[in-house]
Structure formats: C-alpha cells, structure tokens
Amino acid sequence: MAMPVLATKLFVPRPRPRAISRPRLVDQLTAGVQAGRKLTLVSAPAGFGKTTLFAEWIDQMRRRDPRVRIAWLSLDERDNDPARFLSYLAATLHRADPDLGTGTGTGTGTGEYDTGASAEATLTALINAIAGGTPNSDGNSDGNADRRRGPGPLILFLDDFHLIEDIGVREAVVFLLDHLPATMHVALSSRSDPLLPLARMRAGGDLTELRAADLRFTPVEAAAFLHQVTGLSLTPENIAALERRTEGWIAGLQLAALSLGSLRNSADVPRMIDTFIDAFTGSNRFVIDYLAEEVLHHVPDDVREFLSQTAILERLSGPLCDAVTGRTDSAVTLESLERANLFIVPLDDRRQWYRYHHLFADVLRSRLLASDPSPTQAPGKHDLHVGDLHIGDLHVGDLHIRDLHVRASEWFELNGSPEEAIRHAFEAPDFERAARLIEATIPGVRKSRQDSTLLGWLAQLPDETKERRPVLLVFSAWSSLVAGDIASVERQLAQAEQLLARNADSDPQNDRDPQKDSDPQNVSDPQNDSDPQNDSDPQNDSDPQNDSDPQTHSSEPGGELETLPVTIELYRASIALATGDQAGITLHAQRAFDAAGPDDHLGRGASAGLLGIASWASGDLEAGVNAFGASATSLRLAGNLTDALSTTMVMADMLLPLGRLREAERIYEDALQQSLGQGSGGQGSGAQGNSGHINGGQPAADLHAGLADVLRERNELTAAKHHLAASTELGDAALSHEHRYRWFVATARVHEAEGEYGLSLDALAEAERHYRRGFFPDVRPIGGMRARIHLKQGLIPEAHAWVEEQGLDVTDEPHYLREFGHVTLARLLLAEHRLNPRGDSLDSARELLARLLKAAEDGHRRGTASEILVLQAVAFHAQGETSLALESLERAFALAEPEGHLRRFLDEGAPDAGSASSCGRCGHPA
C-alpha cells in the first residue's frame, strides 16, 4: 500500500469568527487574479496573519463566485520529497475538482498520484485537464470540457512554502507556473521569498505581492482588534502605544490583548494597563516570549500542563491528546482553547483536528526542550524527570519528555500514520522503535517512490542500530549506491548476508513468533496509550539486548526480509553495471533471478532486465530481447505498467540490428495501444485517439518517437512524421528524461532521409543536449550519427575528428559495443578513397568490412549485416568488381526485403542499375 495522504493538510481554512476584516488587502489579492496574473505571494515573518488573510480572501471569492475551485495544501518539511509533494498536489487538486485525476493519467481517478510518472509528466496531465481536457489525436483540447466543468477559476494555495528546500519540488512549481492554464492561479504564503523566478514574473506582470509592511495592522485595525479581544475601554494613547510597540505585528497584538483581558477584574485597571504596556519592548522574539509568559500565567494549571504535554504534536485531536497526556477530556479542552482564541487553529470542519499557531507552538516547544539538558542524547543515558521542573510557567507533569514522543509514536502507528510515528520515534529518541517502524514502512515508501524520505530516515539512524537489522543494512547500502560510495555498498551487503546466515543457523524455536511480530495488535496495547501507569519501560524499545540475540538479527519478518537475498544480488549487479563488470552483472543478476520466488514479480523483473543489459552489451541481442520480454511480463504482473511499456524502446533498439523491423513495429504499436487503454481507465476508449497517453504522456510520447524511427527505416516518412507530431501533441514534458533524446534522434533521421542535413545536425545537437547516460549501452552514439552526416556533406575532416576521438582503428578486433563506430570508420575510408583513389583507404575498408560482417553474422545481427553488405557492394563497385558488388547487394536484399528495410539502400545510393533493380523488388520505387 502506498503512503497515506493526511486529509488535514488539504483542509481549506475558514475565516475566524472574530477576525478583523481586511478588505483593502483582499481587494488587492482579487485584483491580481482578475488581471490574469499567475502568482500571488504573501511573504512575511511568522505572526503577520498570512493564513488568516488567505481564509478571508477564499471566503470572499466563494461569495462572489460560487463556481470558484479552491485547492489548499499546508506544507511541512516532509514535503521536500518530490514524490510526496506531487502526491499531495494531485490529491488537493482532485479534492477541489473531482474531475481532476479522472482520465488524466495521474492515478486511479481519485486523485492518487501515479508513482510511475515523472514530475513533469504528472504536472502535464494535470495542466492539460485543468486547461479544459487533454489533447486529442488532432492536437486539440476537448472543447466541451470547460462547459461540463464550468468556467470557475481554480486557485491553488501552497501554505508555508518557506519550508520547501528541495530543488526538485521547486522545479515542479516553476514548471507549473510556466505552463499555468488561464483558468488557474497559484497563491503562496512564506516567511521568506521563495527561490522562484520572482524577478521574471514581476517584470512580466505575473506577480501580486504582499509583504510585512502591507500586513501590519493599521492604527484603525489595531484599535478594532484590541477592543474586540480585550473587552476593555482602552484609551487612544494605550492603543497607539501598543500599535507602536508591536509595529502592527498581529501575533504580538493578539498576545497583548489576551494578557490585557486578564486585567478586567483588577482594582485599578487603567494603571495596570499602563504598567503592562510599559513592561515590554524590543524585538518580535522578545515580545513573543514575554507575552506568551504573560498569557500562560493566567490559564489554569491543568491547561498549562495540557499545553506543555501536547506541544510536541504538529496536529492535535482528542484521542491523540488523550493517548499522549493520559487524560480523557482532551477533545473538550481543545474546544475550550479554540473558544478562548488561545492560538489554536482548526484543521477540519468537524473540529476533530487542530494545530497550534506556529509561533505559539514554537514558544511551547522551546520551553519544553529547555527542560531537558540533553534532548538529543540517546534514551537511557540520563534520567532527568520533569515532574517538579518548571520553565517559566510550563511543566509537563509526571512524565518524561521522551514518554510523550513514544506515546505519540504508538498512537500514530496504531492509527495508520507511519510517517508521524517515525518522526516521534526519532524525537524521543527511540532508535529501535524508529528502525522497526521504518522496516514496516519500506514497502509503502518504495511503492510511493518517496526515496528522499527513506534516505532521510536512514541517515538519522545510528550505525549500531542499522547493523542489527539486515533489511536496513541493505537499504543503507542502496543509499550509499545512490551517493556513489561503492566501497560502502559491498561492506553493508556482506554484513546483511552474515546476519541472515547466523539467523538461519540458529534454533528456530528460539526465534520470535512471526505471527505475533507481524500482528499490529501485538505491538502495543491500545488501552495503555491512555493510561500513564501502563507506559512501556523506556528501555523496552531502546535496549538492543531486549530485541535481539547477539547471534540473530532484529529485522521483522515480512516481505522485505524474505526477498532480501534477491535485493542483495540486485545491488551487487548494479555495482557491476556501474563499474563495467559485464561478467559480474550476469553472475549476480542470474543469482537474483534464481533466488526470486514465483510471486516476486519485481525481483524477477529487475533481475531479468539486468540480464538483458548484460546480453545486450555482449552482443547477444537475441538473449537480450528475450530477457527484456521476461522483465516486461514480470513488471506487468507487479502492476508497474509504465516501466513494462518502457522496455519496448530497449527491445526495439536490439531488434533493429537483428533486422526484425516488423517485430519492432508491432511491439511499439502494441505498447501504444496498452498506454491508450491505461490512459483512459483501462478500457481503450476515450478522447485521446491515436495519441493515447499514460501518466500524462509517458511512455506514449517516447513510444511514438521510437516508432517513428522504425518507420523511417522502412522509408515510411509520412507515417514517421505523424508519430513525431503525436509525441509533440502530448507535450514536451511527456517525454521522459531518459528517453527524451530519442525524439530528436528520430527527427534528425527523418531530416537526413529528406536530404535536409543542416536540420538533421540541429536536431542531433538537441539530442546530445538531452542525452543522459544511464544503464543502457550507448551502441549508437550521437557523435557517430553526426559524423555520418558530415560524410554526406563531404566534411571528411569533421568525420575523421570523431573517429580519432573514439580511438577507432582498422586493426581493432570487432566488438558489438563499438560496431556502430567501426562501420562509421568504414564509411570514412570509402569517402577518403573517393577523394584519393590512389591511396590504400579502399583496401582498409574492405578488410575492416569483412571482419565486421563475420562478427555481425556470428551474432545473428541481420540488420547490421545488410548494412555492411551494402557498403561492401560500394567498395567492390569502386574497384570495378561488378559481379561481387551485385552478389553483396543480392545478399543484402535477401536480408532486408522481408522486413521492408528500404532505407538501407536509399541512404547509400545505388552504385549501378543492377542495385536499383534489386531495390525495386522491395516493393518501393528506388
């Protein structure tokens, strides 16, 4: 199961009942939307009423236009994982408009983000849907979409954007802004200016900005607010002094008002007010500290204790607070805090979830942490008790701070919120609990592809904790592999294997009961969550001696542990791939495949793919095609259709040199049909036409580009152009990062076939810019394609420069990975002979071509063999050996004709009438 989405993060805030209306600011925000600006930025430090202003603006927009669609996302630090951010983005847009996410390729039709898609593909799908329908086969949008959905604008609010530091998330937002539909607007709140192209947007008239100076209460607003909250008859001088001291800072005024309200029953109210106002001055931080102390001094002891104990929580509910505090009246307490306007914010309409105002929470937490002189020290290292320790007026009762986090972690675990359970385990810190929770969460994190989240967790765990858990050791090895620390990978994999071996050798009767460990009801008794007398012993989770025998490991039974031997071999194969160890790839990938169970579809799919890469690199293309076919089958069974369809490009890359053009065309067409069916809900129907899409265009855009290249080989240039156009219609972002270059290569090849060599070189330059060296062998280098066009242009020195750069020589032993380069060298030698017939270039070319032909025929690469035979015919013809030239052409024709491989002949030109006659038998004009 993928990681769950917290509904409270999507809750659209409501205006506060006693909030001061700010029409002057709301009008500015509304004017920006009406002017067609893309972005609203409200940037100010904490406590300036950014979220409150947005709530009032939303309410006014809904009153003016009931059709307006509001999407809200409250951001937090965990949203720095691009996959998580996109998941929440898709969910909030779907919540704003249920049509978004249905048939857009973003998921299941419920706003669920499809983790197989790239960020740009997901955003493209959403943008297309928001704009009024996805492009159809004619490149046009469904014109009825707007009429069905209504013309109301869609406003996306991203609250607390200052918490976003990940470049991938920021790039996703920039992409959205750059391609924003006319019916959509984005609004950000942030404590600082975000790293977005604000200057460009400002210059282009696309930005509305409000800052701290705009948000400060005016004297009139401050007077109305203070009168409303305090219920006191403050003099104009009092109000002016407070406004001056706080500089219109709303949070400061609110705290001052709450403190002043407690003076209503004083004997000498005017004098007490004057004394209070004179008592504080200085920075916002000083003011907030001072005033928070004043406010908390006047609340009952049990409320102060509740505030202290729940300060560790990012969101609050009655049952959660009961579990953390041991109380039974938390829901009533939360409602009373809201009525008292004591810095608590509702997160849903039913008043079940709340959060403290960020500033107030900061104050509470800083005092709570100050009660622990070593908050980051591992549990058990100190024995501080805070039952009698007061910091200011705060205390947490007869509890350890660590106990609060452990209780919160237990509650979140039992209530299906693993991320928050893990966060509190780390805060405790209880690393054994965190490790156990992370292991249990790995399947969901992997399915959601929240790699950054998992990497962050692993980095926080001490080595000694990971070294007792083979599952975490293996995934820690993966994090080292991602970081390029190859040496650490093998060390951790070997440690994991040793733990598995020791556990296998131990007495199974001494092992824990897997049923007990895997049953969440046996993790902790729910009754204990609310009874402080039943708290678990702090040593229970944190002491490794209580969790594992030195001879065994601590990893929990389950799917990850069962498939660990497969994962270990896959990572070893990946190391071999990264270091160019072809034998190692085959050895470890085969071991992984053999170890994978019949239902381990992901393991079998990954290992088969690695075996396919090894076969491909060695020149055994038949085995490579078969391996990737098996990989695709397993990936489909695992439910990963996007990756399964993406293997089509790889298989086609091998089928072309094998000379099996018709099969390559068929698998492309089959894959496109499958992507069409998936993109329209699996029924193969919908408005997409032949340009069907999956995941916002992926991999359909890639498939169209690949099929265009196959059709070009058959000289079906019109059809090739059609598929290139179909790929373009899906949007540039629909092309995957890995395969984006293919569109430019196919375009260059079509231009080349039409004799437009300049355009072809331009397209190849773009292809080179987009090319990303990945796992697959670069068997058709872009530089080699450019050199061949230079030869057609008569630019022999340019072609010669590339050959020299690659270190290619006529005496080299043929190898598949350099076959394209050596054939290019043969072409260069033939061109040099035409310039200088008296040199030895022709003899060298014939010798090289003979060895290349033998290698291609030995490898059953009929497509490559036919190309070499045509070049041999050119060489024979140049030496006047017409019969040998015709014989080579006949052999080439016999290989190419069944597949309709006409470009093989047209690209070389017909050396004589006989060859033209032969080409004519292909069924096409020569």
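A salt bridge is a side-chain nitrogen of Lys or Arg within 4 Å of a carboxyl oxygen of Asp or Glu. In this predicted model, D79 and R84 meet that definition through their side chains, at 2.9 Å from N to O. The structure holds 61 salt bridges.

**Salt bridges in pairs**

- Side chains of opposite charge can pair when their charged atoms come close.
- D79 and R84, joined by the 2.9 Å salt bridge, are both buried.
- R63 and D59 form a salt bridge between their side chains, with an N to O distance of 2.8 Å.
- Both R63 and D59 belong to helix α2 (residues 50-64), and because they are 4 residues apart there, about one helical turn separates them.
- An α-helix has 3.6 residues a turn, so residues three or four places apart point the same way.
- R63 is exposed, at 60% relative accessible area, while D59 is partly exposed, at 22%.
- R67 and D65 are joined by a salt bridge of 3.0 Å, N to O.
- D65 has a relative accessible area of 18% and is therefore buried, as the cut-off for buried is under 20%.

**A salt-bridge network**

- Salt bridges also link residues into a network, made up of D709, R712, E713, R749, E752, R780, K792, R903 and D907.

**The sheet β6-β8-β7**

- An open sheet is built from 3 strands in the order β6-β8-β7, with antiparallel pairing.
- Its edge strands are β6 (316-317) and β7 (344-346), each of which pairs on one side only.
- Strand β8 (residues 353-356) pairs with β7 in the antiparallel sense, over 3 bridges.
- I344 has Y356 of β8 as its bridge partner.

**Helix α37**

- Helix α37 (residues 757-770) has 14 residues, which should span 20 Å at 1.5 Å a residue.
- Residues S760, L761, A763, L764, A767 and H770 of α37 are buried.
- Among the elements covering these buried residues of α37 are helices α36 (740-753) and α38 (782-792).

Key
Residues are numbered from 1 along each chain as its sequence is written. This is a predicted model: local features need pLDDT of at least 70, side-chain atom pairs count only at pLDDT 80 or more; totals for chains, interfaces and linings use all residues. Side-chain values use heavy atoms; hydrogens and water are left out. Two strands pair if DSSP finds at least two bridges between them. Helices (H or I, at least four residues) and strands (E, at least two) are DSSP runs, numbered from the N terminus. Buried means under 20% relative accessible area, exposed over 50%, partly exposed in between (1.4 Å probe, protein chains only). The expected span of a helix is 1.5 Å times one less than its number of residues. Contact means heavy atoms within 4.5 Å.
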